[in-house]
Amino acid sequence: MAFDYDLFVIGAGPGGLAAAKKAASYGVRIAVAEQETIGGTCVNRGCVPKKLIVYAGDFAKDNQMAHYYGWSECQQYFDWTLFMKSVHQHLEQINHSYYQQLQTAGIELIRERATFVDAHILDVDGRKVTADKILIAVGCRPIKPTIPGIEYAITSREMFHLPYLPKRLAIIGGGYIGTEFSSVMHAFGCEVTAIEQDAMILSGFDDDIRSGVQQGLSKRGIRLFTNSTAQEITLCDDGLLLTTSGDFQETIAADSILVATGYTPNTKNLGLEKAKVELGKQGAIKVDAYNRTTQENIFAVGDCINRVQLTPVAKAEGIAFANTVFGNKPQKLNYDYIPSAVFSRPEAAGVGMTEAKAREKFGESVRCYCHHFRPLFYQLTQQDEQATIKLVVNGDSEQVLGAHMVGEHAADIIQSLGVAIRQGITKQELDETIGIHPTIAEEFLSLD
């Protein structure tokens with residue numbers, strides 16, 4: 001059978017784009033279908049605009065610190081509308097750059113929704129197209145809890161389109177998205193209340209890191225309702241009311257309510273059953289070690305397979321798929337030692353095993369080295385800002401199993417350490433490494 005394309009990619013997010021560009025380097029005919037804006041969640045509704053908002057919030061913190069360093073105080077005003085206009089202009093530039101990259105690579109971009117007719121045929125806005133290989137890279141979407149009045153709440157998708165800066169913001173969920181927005185919106189002057197059903201925010205991170213960030217947010221004046229659950233949202237004359245239960249049984253007045261309780265794969269209404277592609281837990285697509293689905297010619301990467309929902313992981317999966325299928329270079333992705341970060345203030349990051357995970361595997365042989373200290377930057381100020389660094393070590397082999405940090409530049413420092421930990425560095429080798437003084441990173445080289 002002659003196919004219209006050697007590869008048809010559904011979704012132009014990080015995973016789909018990386019796969020398409022890599023596959024194009026092997027000389028195959030490719031089309032990419034995307035019903036929304038090129039770049040996926042990360043570029044348009046996630047990490048890129050979110051990081052820009054974090055940068056904007058940092059100016060408020062820097063202004064608060066400036067007088068300790070000899071700068072005179074001055075009145076400043078933050079213009080949310082002007083700032084968001086700049087953000088969206090930058091996102092448009094990225095989108096245009098992606099489009100040019102696809103054109104240069106000879107990849108056809110179809111700005112329509114694609115659904116399956118069978119394992120080799122797709123319906124694209126009523127038109128049938130065929131492909132030898134198909135890659136599903138449709139990402140995921142935010143989910144909302146089923147409570148009364150949830151229709152009045154927004155998700156991270158809508159946060160970047162708020163027409164004005166809310167004076168009072170309630171956030172349901174204490175994961176990395178809820179934590180980051182708690183931090184940055186407070187920096188803009190919003191009154192922020194965050195509700196988390198666990199005893200600490202940032203589930204999945206090391207407990208010392210969770211505690212460090214939680215204490216940092218509380219010191220800044222963010223109200224954290226832990227061991228608590230959102231029960232109901234009601235509309236009132238001057239905004240919204242959010243009722244909570246648990247350790248904090250209160251009614252919170254808010255102008256906006258952000259739901260940050262997780263994501264679910266975007267696999268509904270794709271016609272996957274017609275292609276005999278099976279789904280697993282929570283609608284995620286089942287794949288093997290080479291990202292092949294239960295249908296031999298169909299593959300899936302990124303958040304829709306529900307392995308590790310991070311942009312660099314989706315890109316790596318896309319490249320590995322292209323190398324395997326079109327480059328005759330079978331490649332499995334190694335999911336060990338993937339670093340992750342929370343761009344809150346204080347910032348946090350980790351790579352490798354948490355203390356709890358290490359003790360599950362290695363028991364009493366695990367040794368932890370942890371140091372809490374006040375960074376040099378805050379020594380001239382009256383703020384009690386604490387940084388935390390932590391190494392999790394196998395006491396028998398001295399191999400470093402994990403590194404975790406709360407403090408400025410945590411993401412960059414942990415990312416660099418991740419290379420060494422991935423290569424099996426030992427605690428002794430770290431101790432023998434000479435650092436740069438004065439820096440926060442050097443503290444990792446002298447932990448007792």
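Predicted model: local features only at pLDDT ≥ 70, side-chain atom pairs only at ≥ 80, totals over all residues.

**Entry 1: the pocket.** I went to the second largest pocket. It holds about 1000 Å³ of space. I found 36 residues in its lining, and Phe59, Ala60, Lys61, Gln64 and Ala187 lie nearest the centre. Which helix gives the largest share of the lining? I noted α3, with eleven residues. Helices α3 (47–66), α6 (176–187) and α7 (207–220) each supply at least two lining residues. By type, I have the lining down as 16 nonpolar, eleven polar and nine charged residues.

**Entry 2: the sheet.** Next I traced an open sheet of five strands. The order is β17-β18-β21-β20-β19, with antiparallel pairing. I checked the edges: β17 (340–342) and β19 (366–373) each have a single partner strand, so one side of each has no neighbour in the sheet. Neighbouring strands are turned by 10° against each other on average, ignoring direction.

I then looked at one pair. Strands β20 (387–394) and β21 (400–406) run antiparallel and are joined by six bridges. Ile389 has Met405 in β21 as its bridge partner. Helix α10 (410–422) packs on this sheet and touches β17, β18 (348–352) and β21. The direction of α10 makes about 175° with that of β21.

**Entry 3: Met159.** I found Met159 in helix α5 (156–159). Is Met159 buried or exposed? Its relative accessible area is 1%, so I logged Met159 as buried; the cut-off is under 20%. Setting aside neighbours within four places in sequence, I listed its contacts as Trp80, Ile154, Leu169, Phe181, Met185 and Leu258. I also took a distance to His372: 34 Å between C-alpha atoms, at 213 residues apart in sequence.

Entry 4: Most peptide bonds are trans, and most residues other than glycine have a negative phi. I looked for exceptions.

- The bond from Arg345 to Pro346 is cis, with omega near 10°. Pro346 sits in the loop between β17 and β18.
- His437 and Pro438 are also joined by a cis bond, with omega about -5°. Pro438 is in the segment after α11 (427–431).
- Tyr337 is not a glycine, yet its phi is positive, about 60°. I placed Tyr337 in the loop between α8 (311–325) and β17. At 22% relative accessibility, Tyr337 counts as partly exposed.
- His409 has a positive phi too, about 65°. His409 lies in the loop between β21 and α10.

Note on methods
Residues numbered from 1 in each chain as written. Heavy atoms only, no water. 1 Å grid on protein atoms, 1.4 Å probe; cavity = no way out; pocket = protein on both sides within 12 Å on 5 of 7 lines; lining within 4 Å. Points joined across faces, edges and corners; volume = space filled by probe spheres on them. Helix = DSSP H or I, 4+ residues; strand = E, 2+ residues; numbered from the N terminus. Nonpolar A, V, L, I, M, F, W, Y, C, P; charged D, E, K, R; others polar. Pairing = 2+ DSSP bridges. Axes fitted to C-alpha atoms, helices over the stretch in contact; angles between N-to-C directions. Contact = heavy atoms within 4.5 Å. Buried < 20%, exposed > 50% of the residue type's maximum accessible area, 1.4 Å probe, protein only.
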